[in-house]
Amino acid sequence: MNRTTLSLIAAATALAAVTGFASLSAPDDEGPATAQAAARLPVERSSLLCPAPSVSDIAETTYTSFTPAGTAGADAGSAELKSSTVALADTDPADDKKKDGKKDDDAKKDTASDKPFIALKEPGKPVSAEESGAESPALVGTATGRFAPGWTAQQTTTVGVGGARGLLGMTCTAPDTSFWFPGTSTERTRQDYVHLTNPDDTAAVADIELYGKDGPLKSEAGEGIPVPARSSVPVLLSTLTSENAENVTVHVSTRTGRVGAAVRAADDGTGSDWLSAAADPAGSLVLPGIPADATDVRLVAFAPGADDADLKVQLAGPDSTIAPAGGDTLHVKSKMTAALDLKDVTKGEAGSLVLTPAQSGRATPVVAALRVVRGKGAEKEVAFIPATAPVSARASVADNRAKGSTLSLTAPGATAKVKVTASAGSGGGEPAQKTYTVKGGTTLAFTPPVPAGLKGSYALTIEPESGGPVHAARTLALPEDGIPMFTVQTLPDDRGMVSVPKAEEDLSILDGRG
């Protein structure tokens with residue numbers, strides 16, 4: 001091996017440890033690669049973005065930050081979330097008033113902004129902060145060292161009355177360059193905002209594409225949307241097109257830079273919640289965590305490629321996988337949004353939707369999400385469940401309460417064994433742990449373990465131990481005034497560890513023969 005190959009491996013190792021992704025190719029004249037085995041190393045840096053939680057003056061928001069315990073050998077590091085305006089002030093050393101030493105109110109405000117909005121003190125114990133009103137900030141943050149692997153943050157907002165009323169929950173997102181949101185709408189009864197949050201020190205430029213049942217919706221306003229450095233921009237979907245479409249798929253992409261994206265959806269009759277990005281397009285998908293008492297479930301799917309998709313629709317319940325009566329297939333035309341009303345598909349038993357190709361060997365990639373309603377009449381509440389990837393190693397969700405949390409684990413293939421750990425509470429309590437077996441083709445929905453002596457909220461971490469793939473979701477139910485308020489967060493893998501090639505030691509460098 002020469003110095004070139006060793007340098008490539010070193011660069012790939014550093015890239016993987018920081019970003020969670022790296023690829024390595026030896027030069028053409030190297031022959032067979034000398035990197036044979038792969039080491040599993042913890043990531044050294046993670047970024048998260050939380051959009052502004054509400055426009056309601058009576059909103060009450062809880063932010064919770066958490067990193068699982070147990071990352072050995074990592075540097076000390078930190079995990080801090082700051083408001084988008086705070087982070088911008090921190091990156092503006094050219095402020096004239098600071099240069100001149102003026103002590104006016106703006107300068108004092110900038111000095112105060114050095115403090116993080118919320119900061120972790122130790123892995124394994126969540127930290128929470130609360131805000132109220134419409135001025136609750138969007139947050140941007142970074143975790144390093146021992147806080148980076150598996151870092152997660154949750155924002156949970158309660159709005160008791162009004163058009164935006166409901167329990168709005170979401171897991172803060174990592175920045176990226178592409179996001180899919182099936183399940184949005186531009187109807188007059190809906191107020192759907194795409195929130196774009198830029199974590200970086202330079203501006204980003206984003207495009208928002210809308211697709212209805214007949215294809216792309218006419219829109220020019222969605223092109224070239226600027227997102228200033230360290231800021232968050234909400235975009236009302238109905239202002240991007242004149243078409244009133246009941247079921248819409250949104251594609252957010254960036255021309256320059258990267259953003260975090262999420263949709264806050266509000267319906268005049270069923271309240272509001274966050275819609276997180278769906279899993280990347282795939283031929284088979286799992287949408288876990290449909291509550292047992294769901295009264296109205298709608299599947300929305302979109303085929304982004306050139307081919308149509310024919311999907312088999314199945315429900316993985318507590319005992320087996322079944323075909324819903326009258327809704328066992330869905331045809332999705334290329335670049336068109338399709339919907340399937342499944343009504344009260346769970347019929348008193350919690351389950352998960354499993355989408356597979358209707359014909360074996362003809363898998364067409366799709367994206368999908370569920371719109372789920374609980375309650376009846378004037379006492380209804382909505383939540384969204386995007387398709388989610390399986391948990392390959394570990395996943396966590398923060399802000400679980402002593403009552404109201406339900407964990408759903410789905411094994412669409414072989415039977416799986418899963419370890420579930422309840423962290424210490426944000427205000428005290430001892431961690432708890434239990435192992436569950438999920439029978440193949442079923443969904444196991446249960447009240448998760450609660451820390452002994454719990455004070456405050458706690459986090460749940462799931463780790464598959466053996467068997468087939470597992471998909472997971474957490475439902476948080478906090479009923480208020482007869483309304484069954486709830487929110488569902490899926491648990492994709494936390495990507496806290498990354499595989500890095502091991503290189504054979506190059507002795508020619510040590511003895512000067514390289």
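A contact means that heavy atoms lie within 4.5 Å. Valine 297 makes such contacts with Ile290, Leu340, Asp341, Leu342, Lys343, Val345, Leu370, Arg371 and Val372, leaving aside residues up to four places away in sequence.

This is a predicted model, in which local features need pLDDT of at least 70 and side-chain atom pairs count only at pLDDT 80 or more, while totals for chains, interfaces and linings use all residues. Residues are numbered from 1 along each chain as its sequence is written, and side-chain values use heavy atoms, with hydrogens and water left out.

## Confidence

The predictor's confidence in each residue is given as pLDDT, from 0 to 100. The protein chain averages a pLDDT of 86, and 83% of the residues score at least 70. Over residues 1-35 the pLDDT stays under 50, and the model has 54 contacts beyond four places in sequence for this stretch. Residues 504-514 also stay under 50, with 13 contacts beyond four places in sequence. Where pLDDT is low, the predicted coordinates should not be read in detail.

## The chain as a whole

Helices (H or I, at least four residues) and strands (E, at least two) are DSSP runs, numbered from the N terminus. The protein chain has 5 helices and 38 strands. Of its 514 residues, 51% count as buried; buried means under 20% relative accessible area, exposed over 50%, and partly exposed in between (1.4 Å probe, protein chains only). The protein chain exposes about 22,200 Å², of which carbon and sulfur atoms supply 50%. Accessible areas come from the Shrake-Rupley method with a 1.4 Å probe; for residues, only the protein chains shown count as cover. Among contacts in the protein chain with a separation of 6 or more, 81% are between residues 24 or more positions apart.

## Two open sheets

Strands of a sheet pair through backbone hydrogen bonds, either parallel or antiparallel. Here two strands pair if DSSP finds at least two bridges between them.

Arginine 371 has phenylalanine 384 in S27 as its bridge partner.

Valine 297 lies in strand S20 (residues 294-302). Is valine 297 buried or exposed? At 0% relative accessibility, valine 297 counts as buried. Valine 297 and valine 382 are 85 residues apart in sequence, and their C-alpha atoms are 9.7 Å apart in space.

## Strand pairs

| Strand | Partner strand | Bridges |
|---|---|---|
| S11 (residues 190-198) | S17 (residues 260-267) | 8 bridges |
| S26 (residues 367-376) | S27 | 8 bridges |
| S28 | S35 (residues 458-467) | 4 bridges |
| S2 (residues 45-50) | S7 (residues 139-144) | 6 bridges |
| S4 (residues 79-83) | S7 | 5 bridges |

Strand S7 takes part in two of these rows. Cysteine 50 stands opposite leucine 139 in S7, and alanine 79 stands opposite alanine 143 in S7.

In strand S28 (residues 395-400), 6 of the 6 residues are buried, so the strand is largely enclosed by the rest of the structure. Serine 396 stands opposite threonine 461 in S35. Aspartate 399 is also placed in strand S28, and at 1% relative accessibility aspartate 399 counts as buried.

Most residues other than glycine have a negative phi, and most peptide bonds are trans. Aspartate 399, although not a glycine, has a positive phi of about 60 degrees. Arginine 230 has a positive phi of about 50 degrees and is not a glycine either. Arginine 230 is found in the loop between strand S14 (225-227) and S15.
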